[in-house]
Amino acid sequence: SGARGGEGGAGSAEGDDPAEEAAGDVLSARQHVCELLCFFVTRHTYRIKYFILRNNVLCRVLRLAKVRDKGLVLAAIRFFRTCIGLKDEFYNRYIVKNRCFEPVVAQLLANLGRDNLVHSAILELLEFVRRENVRSLVAHLADAYGERFRTLKHVEVFEGLLRRDAQNNDPGAIGPAKGPAAGGPGASSCAVGAPPGGRRVFGGDEEDAYFNESDDEEEAEPSADA
């Protein structure tokens with residue numbers, strides 16, 4: 001019986017290897033998908049924008065920020081950072097509406113005190129939002145996570161975000177802002193016009209129409225089911 005047990009144990013061990021390899025292949029494939037999405041967002045801004053928003057791609061990718069594999073978490077954060085780096089209010093309003101920062105902030109709190117890549121990547125993302133004064137995201141972060149940020153004193157990023165939000169709300173109380181904070185050259189909101197490469201950028205009216213249409217569809221769904 002001992003021999004049979006040993007053989008059974010060996011068989012189990014061998015049976016685990018293909019499963020582990022398959023799991024590794026899935027993780028690798030998901031990371032590659034995130035990299036491809038980063039490329040599409042930066043190179044095909046007009047065509048990919050509506051696909052990502054209408055199919056909820058950003059929210060689905062950010063679900064990967066909740067997994068245990070740190071490489072996959074970093075891939076999801078990298079895609080999120082790429083979208084924010086466009087400084088496009090079309091994406092920004094989607095991010096605010098769907099609370100896309102939730103899994104990112106959860107990872108930040110889970111990695112407090114750990115000097116690792118996940119923690120550093122999130123700090124860099126938040127610092128970019130503060131430095132470039134992406135006003136809609138600054139306001140959202142201050143409103144939704146301000147209480148949590150006030151308790152974090154190990155770096156100055158969080159205090160800087162809250163100070164930036166206060167400056168945006170009452171510029172006279174802190175002093176005149178310059179550059180992006182003033183809404184002048186380098187301001188974070190996306191200007192209407194043709195970006196490099198001649199791709200079309202939608203103006204405020206068309207963006208409002210898209211989001212209004214989405215809200216109408218969401219309100220209509222329950223009544224249709226009823």
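**Group meeting: an all-helix model**

The protein has eleven helices and zero strands. Helices here are DSSP runs of H or I with at least four residues, strands are runs of E with at least two, and numbering starts at the N terminus. Along the sequence, the pattern reads α-α-α-α-α-α-α-α-α-α-α.

A word on the source. This is a predicted model, where local features need pLDDT of at least 70, side-chain atom pairs count only at pLDDT 80 or more, and totals for chains, interfaces and linings use all residues. Residues are numbered from 1 along each chain as its sequence is written, and side-chain values use heavy atoms, with hydrogens and water left out.

Now the overall picture. The protein has 226 residues, and 36% of them count as buried. Buried means under 20% relative accessible area, exposed means over 50%, and partly exposed lies in between, with a 1.4 Å probe and protein chains only. Next, contacts, meaning heavy atoms within 4.5 Å. Take those between residues at least 6 apart in sequence: 71% join residues at least 24 apart.

On to the aromatics. How many aromatic pairs does a search of the whole structure find? Five. Rings of Phe, Tyr and Trp (its six-membered ring) pair if their centres lie within 6.5 Å; planes under 30 degrees apart are stacked, over 60 edge-to-face, and the rest tilted. Look at Tyr145 and Phe149. Their ring centres are 6.2 Å apart and their planes sit at 35°, so this pair is tilted. Both residues lie in helix H8 (residues 135-150), four residues apart, about one turn of the helix. Tyr145 is buried, at 1% relative accessible area. Phe149 is buried too, at 2%. Together with Phe158, Tyr145 and Phe149 form one aromatic cluster.

Another ring to find is Phe128. Arg81 lies over its face, 4.0 Å from the ring centre. The rule: NZ of Lys or CZ of Arg within 6 Å of the ring centre and within 35 degrees of the ring normal.

Next, charged pairs. Side chains of opposite charge can pair when their charged atoms come close. We call it a salt bridge when a side-chain nitrogen of Lys or Arg is within 4 Å of a carboxyl oxygen of Asp or Glu. The count comes to nine. One of them joins Glu132 and Lys87, at 3.0 Å from N to O. Glu132 lies in the loop between helix H7 (117-131) and H8, and Lys87 in the loop between helix H4 (70-85) and helix H5 (89-97), so the pair ties together parts that are 45 residues apart in sequence. Glu132 is buried, at 16%. Glu132 also forms a salt bridge with Arg131, with the closest N and O atoms 3.8 Å apart. Arg131 is partly exposed, at 38%.

Compare helix H9 (residues 157-169). Arg163 and Glu159 both lie there, four residues apart, about one turn of the helix. They form a salt bridge, closest N and O atoms 3.4 Å apart. Is Glu159 buried or exposed? Exposed, at 52% relative accessibility. Arg163 is partly exposed, at 45%.
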